Amino acid sequence: MLNTDGATPGALLRKPVNGWLQADAHLRGFGGFHGGLALALLTSAMREHAPGLELQSVTGRFDRPVDPGFTVDAALVRAGRTLSVVRAQAQSEKGTAIEASAVFARRGENTWQPVTPQAPPAPPPAECEVFAIPAEFVPITTSMEIRPVGTARPYAGGPQPELLAWVRLTEDDEAPDPLRLVLLMDALAPSYAAILSTLAVVPTVELTVRPAPGLATATSPWILLRATTRTAGPDGWVDEQIDAWTPDGTHLGSAQQLRVVRTL
């Protein structure tokens with residue numbers, strides 16, 4: 001059993017999951033074990049089956065909450081000369097809770113012209129106020145510092161389904177690596193909540209994270225996250241795009257979330 005009593009998210013990501021992982025209260029998001037942290041832990045387990053390769057993409061499908069905890073089973077699906085595919089499952093007491101797959105590959109030669117999204121204008125983190133999320137709603141945010149850019153806030157009934165904020169883990173000053181990026185890509189509230197004026201849950205059904213080459217050169221613990229709802233249907237299904245940049249504007253990666261709105 002992996003002891004998570006008081007363990008910080010960053011500390012948990014420093015070694016692969018071994019045995020049962022208890023979903024302690026301080027690791028919970030809104031309504032259950034934090035989805036980004038869970039997917040990062042599965043990614044860590046999958047990475048053990050692709051030594052020497054770099055994460056290109058990881059997708060997790062969240063079938064059910066993982067309370068009170070879970071075990072991780074990872075296996076190699078395909079190993080090629082330059083690319084490997086690995087799968088993993090998080091098993092709770094009620095069965096499969098999360099199904100994940102990842103693509104790992106060797107770093108290619110710099111022969112193609114890169115294309116990256118431009119960072120939006122934003123003052124540095126020190127010039128933005130801290131946004132304190134009540135720990136009783138999202139306990140894991142006590143391990144994070146979130147500084148919104150602009151006036152958009154969750155459940156404030158704003159005009160656009162978009163959130164922009166600086167985010168970092170508070171436990172150290174380390175720059176994000178691929179595992180921390182997976183975690184932090186799920187740090188903000190759902191962007192759709194920016195246009196809501198009443199509280200509703202918008203859980204993640206599927207999350208895909210794709211690190212960018214710029215992640216390898218990151219030096220700051222801060223990342224600028226922009227989460228935007230691309231489409232939302234009348235039945236509550238939400239397609240969300242997330243991008244991350246360093247303070248100097250280097251693109252760190254992108255993510256897509258499939259969410260669904262549910263009343264409390």
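Start with Ile-146: its bridge partner in E7 is Val-167. Strand E6 (residues 144–148) and E7 run antiparallel and are joined by five bridges. Strands here are DSSP runs of E, at least two residues, and helices are runs of H or I, at least four, both numbered from the N terminus. Two strands count as paired if DSSP finds at least two bridges between them.

A word on the ground rules. This is a predicted model, in which local features need pLDDT of at least 70 and side-chain atom pairs count only at pLDDT 80 or more, while totals for chains, interfaces and linings use all residues. Residues are numbered from 1 along each chain as its sequence is written, and side-chain values use heavy atoms, leaving out hydrogens and water.

**Stop 1: strand E7**

Select residues 162–169, strand E7. Seven of its eight residues are buried. Buried means under 20% relative accessible area, exposed over 50%, and partly exposed in between, with a 1.4 Å probe and protein chains only. Pick Leu-164 and look across to E10: Arg-226 stands opposite. In a regular strand, side chains alternate between the two faces of the sheet.

**Stop 2: the whole sheet**

Zoom out. The open sheet has 11 strands, with antiparallel pairing, in the order E1-E3-E4-E5-E2-E9-E12-E11-E10-E7-E6. Strand E1 (21–22) and E6 are the edges; each has a single partner strand, so one side of each has no neighbour in the sheet. Next, select strand E11 (residues 237–245) and strand E12 (residues 251–260), an antiparallel pair with nine bridges. Within E12, Gly-253 is the bridge partner of Ala-244.

**Stop 3: His-49**

Go to the loop between helix H2 (35–47) and strand E2 (54–62), where His-49 sits. Is His-49 buried or partly exposed? His-49 is partly exposed, because its relative accessible area is 33%. Show its contacts, meaning heavy atoms within 4.5 Å. Beyond neighbours within four places in sequence, His-49 touches Ala-74, Ala-75, Leu-76 and Val-86. A polar atom of the His-49 side chain lies 3.2 Å from the backbone oxygen of Ala-74.

**Stop 4: Ser-84**

Move to strand E4 (residues 83–92) and select Ser-84. Ser-84 counts as buried, because its relative accessibility is 5%. Leaving aside neighbours within four places in sequence, its contacts include Ala-50, Leu-53, Leu-76 and Phe-104.

**Stop 5: two pockets**

A pocket is an open set of points on a 1 Å grid over the protein atoms alone, where a 1.4 Å probe fits, with protein on both sides within 12 Å along at least five of seven lines; lining residues have an atom within 4 Å of a point.

The largest pocket has a volume of about 930 Å³. Its lining has 35 residues, with Gly-29, Phe-30, Gly-31, Val-202 and Pro-203 nearest the centre. H2 and strand E9 (204–211) are the elements that give two or more residues to that lining.

The second largest pocket has a volume of about 750 Å³. It is lined by 23 residues; Glu-54, Gln-56, Arg-107, Ala-212 and Pro-213 are the closest to its centre. E2 supplies the largest share of this lining, three residues.

Definitions and conventions
Polar contact = N/O pair within 3.5 Å; in protein donor to acceptor, adjacent residues only side chain to side chain. Points joined across faces, edges and corners; volume = space filled by probe spheres on them.
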